[in-house]
Amino acid sequence: MSRMRYMRNHKTETPRFEWIGDPIEPPKEHRKSNCLHYERFKLSELTIELGDYVIIRNDDDNGHLLNMDVAKVERLFEDSNQKGEPHRAEVTWLCRPPLLPKKLKLGDGIPDLDDKCEVVLESREFPTVMDAETIYFKCQVVPRSVHANPLKTVKDIEKQLEASDCDELVKYPVYVLRFKMVGTKKGKRSFKLVPYQENDGDPSPLKLSQSSRNPLNRTPLKELSRFGEDRDRPSSPEIPKMPKLEIPKELMDQLTELPGKHDLVDGKKRRRLSSRGSSREATP
């Protein structure tokens, strides 16, 4: 099934679109682009910002929410070269279980998937830049371990939201993310499911940067404030200064009379008496 359908504009009316705030600095890989990047936008009464999980309409949804697609917003920008659709969004796709490849290998210990309450991190190479105005609604995606029950997890979260009076979040559907697709060695069209995270509370792979995955590329632990002070890392213990050694005059007179201990003149090498050496040898 081709996801070129994501690129088409599926709207029965033209909602009002407007960017919110001033343009922001684009990601490093897009700094040479002439496109203006933004952090959020408003589409009619719906406000979308970077990092939101959203529901996107397609040509096959028939108006049913479960037939629409789920994605995470990664980048928002305006491309004047896209005539008629300049408002663009780059996303990471999440796949509903009924849309998974038919020859997908579930792997050992993979439980049955929940078609209504679950999504899977997509691995197939579908276009990721789309018309931002095809975003239909917001949703919530919660990563959980493979042992979690999707339906029970969704109900528990909905109860917590209702009890906390989070009216803004209660209206958004909740999906559980337990698995991700990965390619196999048999070919580009061969995939299998693996755990998205091993245990509840593990960091989300979507939030791990490339440098954090590779220990050799990690940034230094020391992070300085703009005043040059180390806020998070404790400072090294201070080493006390050694007291200045004072040699009695009588002892110095004896040392200068010993052979080899006095300074040579007339162009010959002068031997320096170090304070460390005198502390070890000359101290009575």
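A charge sits over a ring if NZ of Lys or CZ of Arg is within 6 Å of the ring centre and within 35 degrees of the ring normal. The exercises below use a predicted model.

**Exercise 1.** Over the ring of which residue does the charged end of arginine 57 sit?

*Solution.* Start at arginine 57. Its charged end sits over the ring of tyrosine 136. The distance to the ring centre is 5.2 Å. Arginine 57 is also one of the residues that glycine 63 touches; Met68 is the other, leaving out residues up to four places away in sequence. Glycine 63 itself is in the loop between β5 and β6.

**Exercise 2.** Is glycine 63 buried, partly exposed or exposed?

*Solution.* Take the cut-offs: buried is under 20% relative accessible area, and exposed is over 50%. Glycine 63 has 47%. The value falls in between, so glycine 63 is partly exposed.

**Exercise 3.** Classify the aromatic pair of phenylalanine 17 and phenylalanine 41.

*Solution.* A pair of aromatic rings is described by the distance of the centres and the angle of the planes. Now place the partners. Phenylalanine 17 is in strand β1 and phenylalanine 41 in strand β3, 24 residues apart. Both are buried: phenylalanine 17 at 14%, phenylalanine 41 at 0%. The two also belong to one aromatic cluster with Trp19 and Tyr38.

**Exercise 4.** Classify the pair of phenylalanine 137 and tyrosine 172.

*Solution.* The ring centres lie 5.3 Å apart, with the planes at 75°. Over 60 degrees counts as edge-to-face, so that is the class of this pair. Phenylalanine 137 is in strand β10, while tyrosine 172 is in the loop between α2 and β11. Phenylalanine 137 is partly exposed at 24%; tyrosine 172 is buried at 6%.

**Exercise 5.** Which residues touch the most other members of the largest nonpolar core?

*Solution.* This core has 20 residues. Phe41, Ile48, Ile56, Trp93 and Ile135 touch the most other members. Strands that each supply at least two core residues include β1, β3 and β6. Another core, of 12 residues, lies apart from it, with Leu94 and Tyr175 among its members.

**Exercise 6.** With which side chain does arginine 178 make a polar contact?

*Solution.* Locate arginine 178 in strand β11. Arginine 178 is buried, at 2%. Its side chain contacts that of glutamate 118, at 2.7 Å.

Definitions and conventions: Residues are numbered from 1 along each chain as its sequence is written. This is a predicted model: local features need pLDDT of at least 70, side-chain atom pairs count only at pLDDT 80 or more; totals for chains, interfaces and linings use all residues. Side-chain values use heavy atoms; hydrogens and water are left out. A nonpolar core is a set of buried Ala, Val, Leu, Ile, Met, Phe, Trp, Tyr and Cys residues joined through side-chain atoms within 4.5 Å. Buried means under 20% relative accessible area, exposed over 50%, partly exposed in between (1.4 Å probe, protein chains only). Helices (H or I, at least four residues) and strands (E, at least two) are DSSP runs, numbered from the N terminus. A polar contact is a pair of N or O atoms within 3.5 Å; within protein, one must be able to donate a hydrogen and the other to accept it, and residues adjacent in sequence count only if both atoms are side-chain atoms. Contact means heavy atoms within 4.5 Å. Rings of Phe, Tyr and Trp (its six-membered ring) pair if their centres lie within 6.5 Å; planes under 30 degrees apart count as stacked, over 60 as edge-to-face and the rest as tilted.
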